[in-house]
Amino acid sequence: MSARDFNGVPPLRVERLSLSESLALPPGGHPPFGALGYGTPDQLAWMPTVNARVLSGAGAMADVWHASEHVESGTTGVVRWRCDGHWMLGAIDLDETVEGAGLSELAHRAYRDLFQSLAQTGCTHLLRIWNYLPRINADGGGLERYRQFNLGRQEAFVEAGQSAFEGAPAACALGIHQGALCIRFLAGRVAPLPVENPRQVSAYHYPPAYGPRSPTFSRAALAEIGGGDVALFISGTASIVGHETVHRGDVRAQTAETLRNLEAVIAAANQRGTARFTLDAIDAVVYVRHVADAPVVREILAQHLGDASHTMHHAVFLQADVCRQDLLVEIEAHAVAGGALGG
Ligand code: 3EB
C-alpha cells in the first residue's frame with residue numbers, strides 16, 4: 001500500500017476484527033494506528049476499551065484503524081492520543097470518585113483537554129466521538145447525569161470556539177454501569193461535512209424539556225479519508241421522531257423506527273457527494289438496554305436487512321443504557337464507500 005494517495009493524504013482505513021484477529025496484527029511488528037475495543041482487555045495502549053457487556057456470539061471485537069506508519073503518541077492533560085500528522089485517535093478515562101468532581105465539571109474538563117490535544121497535534125477537526133457515561137440515567141443532584149454531561153460538554157465546545165450546533169461532530173453517548181467517564185475520538189485536518197436527519201429535530205436544537213443544554217452532535221458526518229474513499233460516521237440513532245421518543249415500551253417498534261431513521265440519515269448523506277452508502281452494508285454497534293431484548297432486536301434487524309447482509313454479519317451487540325429512560329435500543333455505525341464529497 002502506498003503511504004500517500006494522489007492528494008497527499010495518508011489513507012485512513014478501518015476494519016472490524018475479533019479480538020484474536022486484532023492481536024494477530026500486524027505482520028510488520030508495530031502496533032496499528034489505534035483501535036476501539038468492545039469488551040476487550042484493558043491493557044493495550046493502542047486499543048482503549050468500551051466497558052460494556054458484549055452480547056453477540058463472536059465475543060470481544062475491535063474496530064482497528066490504520067493510518068500511516070509514522071505514529072506519534074502523547075498525552076495532553078487527561079487525553080492520551082496517537083497521531084500520524086493527518087489523523088488522530090484519542091482516549092480519556094476520568095474517574096469521578098478519584099477526581100472529586102461532578103459529571104458536568106468532569107465533562108467540561110475532559111472536553112477542554114480534548115480540544116487542547118487537537119490544537120497540539122494540528123488535527124483540529126473532530127470527526128467522531130464516542131461517549132460512555134457511568135450511570136447515565138441516574139439523578140445527579142436535581143439533574144439527570146446525562147443532562148449534567150450535556151452542560152459541561154456544550155460549555156467546553158463554546159469556550160474552545162468549536163461548533164456546538166451546526167457542524168458539531170457525529171457522536172454517541174451511552175450508559176455503562178460502572179467505571180470511569182470514557183471518551184474516545186477521531187479527528188483530522190479537514191472539517192467533516194455534517195449531515196442531519198429530516199425526520200428528526202437536530203439534537204443541538206432539542207427544546208429545554210430535555211435539559212438546560214442541548215446535546216452536542218450532528219446526526220452523521222462525512223469525511224474524505226484518502227485513496228478515493230469517503231467515510232460515513234452515523235451518530236447514535238434511536239426511536240426519536242421530531243424530538244420525541246416514539247413507541248415507549250415496545251422494543252420491536254423502536255427497532256423498526258430506528259431503522260427508518262438510519263435509512264433517512266443515509267439517504268441525506270448520499271445527497272452530499274458521489275459515495276453511495278446503504279443500510280445493509282454498515283459496521284453497526286447495537287446497544288440494547290435490556291439483555292433479554294437482544295434476540296428480538298436481532299430478529300427485526302435481520303428481517304429488514306437480510307441474515308446474510310454485511311450489516312448483520314458485522315454488527316456488535318452491547319448491553320448499555322441509552323440517554324433517555326424510555327429508549328430501549330440505539331444503533332450507531334460507520335461505513336466506507338468510494339467517491340468524493342460535493343458535486
Ligand atoms: C438522540 O437521538 C439519542 O449526547 O452525544 C445519540 C447520539 C444520543 C449522541 C450524545 C445522544 C448523543 O438524542 C441520544
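Predicted model: local features only at pLDDT ≥ 70, side-chain atom pairs only at ≥ 80, totals over all residues.

Trainee: How many residues surround the ligand, and which are the closest?

Mentor: The ligand is surrounded by 14 residues, and the closest are Tyr146, Arg153, Tyr206, Arg219 and Cys323.

Trainee: What is the make-up of that shell in terms of nonpolar, polar and charged residues?

Mentor: The shell around the ligand holds 9 nonpolar, 2 polar and 3 charged residues.

Trainee: Which element gives the most to the shell?

Mentor: That is β10, with 3 residues. Both α4 (145-159) and β10 (170-176) supply at least two residues each.

Trainee: And which side chains have polar atoms by the ligand's oxygen atoms?

Mentor: Tyr146 has a polar side-chain atom 2.5 Å from an oxygen atom of the ligand. For Tyr206, a side-chain N or O atom is 2.6 Å from a ligand oxygen. For Arg219, the corresponding distance from a side-chain N or O atom to a ligand oxygen is 2.8 Å.

Trainee: How much of the ligand's exposed area does the protein bury?

Mentor: The protein buries 100% of the 360 Å² that the ligand exposes when taken alone.

Trainee: Changing topic: at what angle do α5 and α6 pack?

Mentor: Helix α5 (residues 251-270) packs against helix α6 (residues 294-305) at about 40 degrees, and their axes are 9 Å apart.

Trainee: Why are they called oblique rather than roughly parallel?

Mentor: Angles under 35 degrees count as roughly parallel, and the angle here is about 40 degrees, so α5 and α6 are oblique to each other.

Trainee: Is the crossing left-handed or right-handed?

Mentor: The crossing of α5 and α6 is right-handed.

Notes. Residues numbered from 1 in each chain as written. Heavy atoms only, no water. Near = heavy atom within 4 Å. Polar contact = N/O pair within 3.5 Å; in protein donor to acceptor, adjacent residues only side chain to side chain. Areas by Shrake-Rupley, 256 points an atom, 1.4 Å probe, with all protein chains shown as cover. Helix = DSSP H or I, 4+ residues; strand = E, 2+ residues; numbered from the N terminus. Nonpolar A, V, L, I, M, F, W, Y, C, P; charged D, E, K, R; others polar. Axes fitted to C-alpha atoms, helices over the stretch in contact; angles between N-to-C directions. Parallel < 35°, antiparallel > 145°, perpendicular 65-115°, else oblique. Left-handed = near helix turned anticlockwise from the far one by under 90°.
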